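This report goes through one protein chain, part by part. Keep the sequence and the structure in view while reading.

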Amino acid sequence: AFDAAMSEKKSQAKPQQPSMRRQSSFHETMTELLVRKDQLPQGNRKTKIIATIGPASWDVDTLSKLLEAGANVFRLNFSHGNHETHARTVKRIREASAKTGIVCGIMLDTKGPEIRTTNLKPNKDGKRVVMLEAGQTLEILCAPDNMDTFEGDSKQIAVDYANMPKVLQYDSILKIDDGLIVCKVQRCTEKSVIVTVTNTAELGTNKGVNLPGSVVDLPFLNEKDRNDILFGVEQGVDFIAASFTRNAQDLKDIRTILGDEGKHIQLIAKIESQQGVDNYDSILREADAIMVARGDLAVETSVQSVPVVQKILIRKANSAGVPVITATQMLESMVHNPRPTRAETTDVANSVFDGSSCVMLSGESAKGAYPVKSVEVMHRICLTAELAIDYENCFLSTVQFTRKPLSKAEAIASSAVRCTIDTQSPLIVCFTEHGGTARAVAKYRPPVPILTMTHHPRTARQALINFAVWPVLINNDKLTREETIEYAFKLARDNEWAKSGDSIVAVSGIRSRVSGATNTMQLLDL
C-alpha cells in the first residue's frame with residue numbers, strides 16, 4: 001500500500017529540476033577551498049581530527065608533521081605503555097606544538113573496566129603473534145599468579161580478569177580483539193576457561209576481550225585507572241576519555257578523583273556498552289563530550305545496530321550542544337596501505353554528515369605504516385564532505401530541537417549563526433574566557449570558521465574538540481575589547497580569511513575578561 005501510494009504521488013508530481021544556482025555554488029566553493037586550502041584555518045575544515053599516538057608517531061618530527069597535516073588533538077591510550085613512556089610522549093607533543101606554532105590538545109584515554117590478553121611467546125620471526133585455527137581448543141588462564149611473566153601460545157593464553165570462570169557458562173560467547181576472534185565456552189575450571197575457537201585468525205598481545213551477554217563484575221575505576229588519572233593531572237592533560245562509561249555516576253567518580261587541581265580537565269564519556277546506551281541521556285548531562293566508541297560497542301551489542309545507535313547518539317549530543325567524537329576503524333586499512341578503501345572513505349564522510357564534531361584515528365596513526373598520510377587523507381575527506389552539508393537546514397533543525405527558553409549566551413550564539421547565514425559573512429569572531437561562548441556558537445553549526453580569541457592556553461586547547469572552532473591565543477592580556485577586535489581583523493586580512501568590505505560577525509561580552517558574560521552580537525565591516 002505504501003509503495004502504491006508513493007507511486008501515485010510521484011506520477012502526479014511535476015519532475016523536480018536541479019537547482020543550477022546551488023550546484024554552481026557547490027562546485028565553485030569546492031574549487032576555491034581545494035585551491036586555497038592553506039589560506040584558511042586548516043583549509044576551512046570544521047570537523048576536528050584526533051590522532052592516537054604510538055610507536056609509529058611519537059617522535060617530535062612525526063608529531064610536527066601530524067599537526068601540519070591537520071591533527072588537532074593527540075590521544076594517549078593508557079591500555080598500553082607506562083607512565084614513563086607517556087610522560088616522554090607528552091613532552092614531545094609540547095615540543096612539536098612549540099616547534100610548529102600549532103595549538104593542540106592532549107587526551108588521556110583510560111583503560112577502564114576492560115579485560116585484556118597478556119603477552120605471547122615470540123614466533124620464529126620474532127613477532128609476538130599466534131595463529132588460532134577454527135575448531136581448535138584453547139585454554140584461557142584467568143589472572144594467573146605469574147601473569148606478568150607468562151607468555152602464551154596457540155594452545156594457552158592468559159587474561160587479566162580473575163573472575164571470568166564465575167561469569168561464564170557452557171556455550172557462552174567470548175570475543176577477542178574487537179570481535180575478530182570468536183570463541184564458544186566448553187567448560188570452566190576454578191582458574192581457567194576452556195573454549196573452542198570458531199574462526200581462524202591471528203592473535204596479538206594485549207588485545208581486548210568482551211563477554212557479550214554476561215554480567216562482568218569489574219569496578220568502573222580500578223587502581224591503575226586512579227593512578228593514571230592523577231598522572232594526567234600532573235602532566236596537565238586537557239581531556240580524559242572515560243572508557244566503558246555506564247552511567248553519570250561514573251563521571252562524577254572521576255571528578256572526585258580529579259579534585260580542585262584537576263577540575264579544569266574535560267571528561268569525555270566513551271559509549272561502548274549497552275548499559276552506556278541505556279543511560280545515555282543522564283551521561284550526556286554530566287559529560288563535557290561524548291565518544292561513540294564503535295569497536296567495543298559493536299562487540300557488546302550487535303554489529304548491525306551500530307550505525308543506528310551512532311546516529312542517535314550524535315543527534316542527541318548535537319541537540320544538547322555537546323561535542324561528539326566518532327571513533328574506531330575509520331581508516332583501518334591504512335595501517336598497512338597508503339590509501340583507504342571506498343567504504344572507509346564513505347564511513348568518515350557519513351560521520352561528518354551525521355554531525356560529528358571530531359573523527360578519530362586509532363591504530364592508523366599509532367602503529368600504522370602511514371600515520372601522517374592517514375591524517376592528510378582524513379583531512380581531505382572531512383573538508384570535501386562538509387561542502388555537501390546544508391548548513392541552514394542544520395541551523396533550523398538545531399533551533400527546532402533546542403528547549404526554550406534559551407540562556408542569554410545561547411540566544412546570542414544562535415543569533416550570530418543566523419546572521420552569518422543571512423549575510424553570508426565569511427567569519428565569526430568569538431571572544432571567550434573559558435570556551436563557553438565558542439561552544440554555544442558551535443552548537444548551531446555555522447558554515448564558516450569560528451575564530452576564537454582567548455587569553456588562556458587551556459581554553460584554546462580544549463576548544464579544539466568543538467565543530468568549526470579555531471582558537472587564537474592572545475598573549476597580551478592588556479588589550480582592550482576594541483583592540484582585540486582590531487587584532488582579530490588584522491589576522492583575518494593577513495591570512496585572507498576575509499577581505500576588506502566583508503561583514504564579520506563578532507560575539508563577546510561588554511564586561512571584558514569575565515566568564516559567562518556573553519551578551520553582545522555585532523555585525524562589523526572589515
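## The crossing of α3 and α4

In this predicted model, helices α3 and α4 cross in a right-handed way. Helix α3 covers residues 60–69 and helix α4 covers residues 83–100. Their axes are 8 Å apart and meet at an angle of about 55°. An angle under 35 degrees would count as roughly parallel, and one from 65 to 115 as roughly perpendicular; α3 is therefore oblique to α4.

On the α3 side, the contact is made by V60, D61, L63, S64, L67 and E68. On the α4 side, R92, I93, E95, A96, S97, K99 and T100 take part. Sorted by class, the contact of α3 with α4 has 5 nonpolar, 3 polar and 5 charged residues.

## The chain as a whole

The protein chain has 526 residues, of which 52% count as buried. It holds 19 helices and 22 strands.

How much of the contact in the chain joins residues at least 24 apart in sequence? Counting contacts between residues at least 6 apart, the share is 68%.

## Two nonpolar cores

In soluble globular proteins, nonpolar side chains tend to be buried together. Here the largest nonpolar core has 85 residues. Within this core, the residues with the most contacts are F74, I290 and M378. Helix α14, residues 371–386, gives the most to the core, with 7 residues.

Leaving out neighbours within four places in sequence, I485 is in contact with F431, Q522 and L524. I485 can also be compared in position with V429: the two are 56 residues apart in sequence, and their C-alpha atoms are 8.1 Å apart in space.

Most residues other than glycine have a negative phi, and most peptide bonds are trans. The places below depart from that pattern.

Q329 has a positive phi, near 55°, although it is not glycine. Q329 sits in the loop between strand β16 (324–327) and helix α12 (342–354). Its relative accessible area is 41%.

Which peptide bond is cis, with omega near 0°? The bond from K404 to P405 is. P405 is placed in the loop between helices α15 (391–400) and α16 (408–423).

Definitions and conventions: Residues numbered from 1 in each chain as written. Predicted model: local features only at pLDDT ≥ 70, side-chain atom pairs only at ≥ 80, totals over all residues. Heavy atoms only, no water. Axes fitted to C-alpha atoms, helices over the stretch in contact; angles between N-to-C directions. Helix = DSSP H or I, 4+ residues; strand = E, 2+ residues; numbered from the N terminus. Parallel < 35°, antiparallel > 145°, perpendicular 65-115°, else oblique. Left-handed = near helix turned anticlockwise from the far one by under 90°. Contact = heavy atoms within 4.5 Å. Nonpolar A, V, L, I, M, F, W, Y, C, P; charged D, E, K, R; others polar. Core = buried A, V, L, I, M, F, W, Y, C linked by side-chain atoms within 4.5 Å. Buried < 20%, exposed > 50% of the residue type's maximum accessible area, 1.4 Å probe, protein only.
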